[in-house]
Amino acid sequence: MAETSQTIPVQAPPAGIWHRLLRRKLAVFGFAIIALVVGGAVFAPWIVRYPPDEQLFDGLSLFGEPMPPSRAFLLGTDLLGRDLFSRMLYGAQTSLIIGIVANGVALLIGTLVGVVAGFVRGWVGAVLMRFTDLMMAFPALLLAICLAAIFQPSLWIVAMVIALVNWVQTARVIYTETTSLAEREFIAAEKTLGASRSRILFRHILPHLVPTLIVWGTLGISVTVLLEATLSFLGVGVQPPTPSWGNIIFENQTYFQAAPWLVFIPGAAILLLALAFNLVGDALRDVLDPTQRGND
Amino acid sequence: MSGALPSVTALREAARPLLSVRDLTVSVRDRGVTRPLVENLSFDLHPGETLAIAGESGSGKSITSLALMGLLPHNVSVTSGQALLDGVDLPSLPEPDMRRLRGSKVAMIFQEPMTSLNPVHTIGSQMIEAMRAHEPVSRGAARAAGIAALRRVRISEPEQRMRQYPHELSGGMRQRVMIAMALAMNPALLIADEPTTALDVTVQREVLELLRELQDSTETAVILITHDMGVVAEYADRAVVMKAGRMVESGAVADLFASPGQDYTRALLAAVPRLGDGAARGKPRPPATRAPVARLVDAQVHFDIGANVFGRPTHRVHAVEGVSFDIRPGETFGLVGESGCGKSTLAKALVGLVPHRGHIEVAGHALAGLTTQGKRDICRDVQMVFQDPMAALDPRMTVGDAVAEPLLIHQVCPALERQARAAELFRRVGLMPDQMTRYPHEFSGGQRQRICVARALALQPKLIICDESVSALDVSVQAQVLALLDELQRDMTMSYLFISHDMAVVENVADRLAVMYLGQIVEMGTRDQVFGNPQHPYTRRLLEAVPVPDPAGKGRTYARSKGEVPSPIRAIGDAPQRMPLRDIGHGHLVA
């Protein structure tokens, strides 16, 4: 038959996902930054010269001003004469835990609620989505403050609080996407094949949600890191003297003009980390999409 | 006037052409590589003439029309050649000048009238805007001209229509509005890009007849872009046949159909299903005496819509209203009707995708009241092949897995054997087993439909429902898929429920058929009974409306319908009147 003989030219066998990820320059850049931050956070005790919460004798000038970056203090010192480099590395631990754990839990809750509501529909879906709407209407910050005030503030409690207020957007988006996926014809085709509901859900709906989840997951990292910073600033987040990138900014923001590095450096770190996760997420989304295969 | 009058065609040949396309090449730039989509296309178009550009998908016919209108996508451009309209080269015209020309001198009608009309503006405001964009006329004058234009395309109550929104009109009316808008400025050239592909046959006939009448009175030249050789034969004076961006052949339609000069044209014309070919194929299979594979007795499908203050539905869609028929083992049962007649809903009810009332049984098991396991078992007996294979395949699953999916769901064989069985199915439908690791988007439309057929075959069902399964395919591919279905049926003794809007295709494949209208069957019988001796007026109308791929049949008269098709949506409690079927001999049932 004429039509079957003119097949699409045979492509090289698909390389592994890793291999294809590493072929993208931006993804490699993102990976490098993430590796740097993770490495710095894990090996902080061996890298730093001064403990993060020690107020150093020569950490302040004669007039009590923080020291700008120098040979002795790589990133300068803060208002209390603590080494900013040490605080940044230890703060990376906090920020990564918040960014990954809190955001991961939020994503998980959001997906669960969204998929169940979108796939089951009926009154279960209605109840779940009205609850989501309620959560959305509630000021997230106020809720977070309430929750954090009830529990004893600690890093893990802060992470859970952030997860509990941040899942709503994910749930909304996933719900909409699930409902439209469930209406697609290939789902109807699966039903006519006799596929069970769980098979349709896990084999045919969830894989299609992966790109959305990657985008929301990577965007959520910067949002959660900043939310943690806000909570810390309000005194219900990570308690001083434990450093986090967020509370470094907020502790020092009033001296922004006199000592710009104190705000600029942690700010840039948050930005770079969020960017790195976004770049890796983007690349991952493309690599995992079979319709993009051969385009890289 | 005296002496021998020169023929109209000769006169036209002598006159200067309105549009002269010379060596037009349109290319796309993709990642720094330039690839031609249309190559060295040349043709002339004279005033009052209809030129058809015919070809299958990917032949570049739509790109040609967009190039003439100056509406190419940003990465596509005319790289060489000319298109002179009254001596003005369209591709080299700057955008502001082109904009002035568009709508006034060159107008275009698109395939899908719903997407080309703005849904948030009334018909009237869109028409008035379009006119005032080209001529400084007052709103009142433009409005009057708009009403006159609507009246010209025979839209009833034009004053009323001016105040309506596009969604309030039917597909045929919307396309007529588009024509009215296109012709309102008396353009010299009208480009119609698949103007009737999205419409039902009876509506298609009306729209094309209308276009021809208007053309006769205005001397507008028309470029008719179509894949339908029947439309070419009936409505075009000359035709250009395109394939993969190149012109294969051009000439007067009568000559082209009588003696095609190129193999491709010949193959294309041979692939077009024609009414009457089915009868020539031989006698329908003798009715088997065994139990039917599917039996419908007074099947009904209703959907409740709307809600009053108490949340009770106010209206009911009578999608399927009391349908009864049997499908016998090994036969092909055709189900024809226009869009909205309920034929697809009936198919969905048969596979349990929508709830039904009445009695439907498949392979001896009633569908109603089945347990989950029972529903799953029914799937082994009845399978479905959908219209759009791209939509029916999971884009994130390899086609090998898709074909193996039913084997896995029903645990028909051990995991190791599954791949081998899937490979066998691939070979069976004419594909290579080494293509199994690919994804659906890497295949052509016809190949994808073969994959869907393979998936439906996997469980060796007794009945396969083909819901418009070949409608979206090009004619040559359509012929191949139909041949495959026929071959499979002979080897595996399956039955098909073949649902289609295309009378010619159904005539070619069906042993028996039913004609559906507004949820009810109006005529049912063997192919020879229904096509040889159509009794119901609706069946006759459908048959007359089918464009015949033979220019000799041009100018047949066609009775115009009296208004719009009634709606199957009715207030609750107001059930439609049932049309009882009576036997007029040998099982030929007519309402």
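**A chat about chains A and B**

Mentor: Let's start with a pair of residues: Phe333(B) stands opposite Arg512(B) in β19(B). Strands here are DSSP E runs of at least two residues and helices are H or I runs of at least four, numbered from the N terminus. This is a predicted model, where local features need pLDDT of at least 70, side-chain atom pairs count only at pLDDT 80 or more, and totals for chains, interfaces and linings use all residues. Residues are numbered from 1 along each chain as its sequence is written, with chains lettered from A and ligands numbered from 1 in the order in which they are written.

Trainee: How many bridges join β13(B) to β19(B)?

Mentor: Four, and the two strands run parallel. Two strands pair if DSSP finds at least two bridges between them.

Trainee: And what order do the eight strands of that open sheet in chain B take?

Mentor: The order is β16-β17-β18-β13-β19-β20-β23-β22 in chain B, with mixed pairing. β16 and β22 (582-583) of chain B are at the edges with a single partner strand each, so one side of each has no neighbour in the sheet.

Trainee: Which strands does α23(B) touch on the sheet?

Mentor: α23(B) packs on β13, β19 and β20 of chain B, and its direction makes about 100 degrees with that of β19(B). Such angles run from 0 to 180 degrees between N-to-C directions, with axes fitted to C-alpha atoms, for helices over the stretch in contact. Contact means that C-beta atoms, placed from the backbone, lie within 7 Å.

Trainee: Which residues of α23(B) are buried?

Mentor: In α23 (residues 537-545) of chain B, they are Thr539(B), Leu542(B) and Ala545(B). They sit on the same side of α23(B) because they cover an arc of only 130 degrees around the axis, taken from the directions from the helix axis to the C-beta atoms. Buried means 20 or more other C-beta atoms within 10 Å of the residue's own, again placed from the backbone.

Trainee: Switching to chain A, how many helices and strands does it have?

Mentor: Chain A has twelve helices and zero strands. Of its 296 residues, 38% count as buried, and its C-alpha trace spans about 90 × 50 × 30 Å along its principal axes.

Trainee: How many residues does each chain bring to the contact between them?

Mentor: Chain B brings 29 residues and chain A brings 21. The largest share of chain B's side, three residues, comes from α17(B).

Definitions and conventions:
Two residues are in contact if their C-beta atoms, placed from the backbone, lie within 7 Å. A residue is buried if 20 or more other C-beta atoms lie within 10 Å of its own, exposed if 12 or fewer, and partly exposed in between; C-beta atoms are placed from the backbone.
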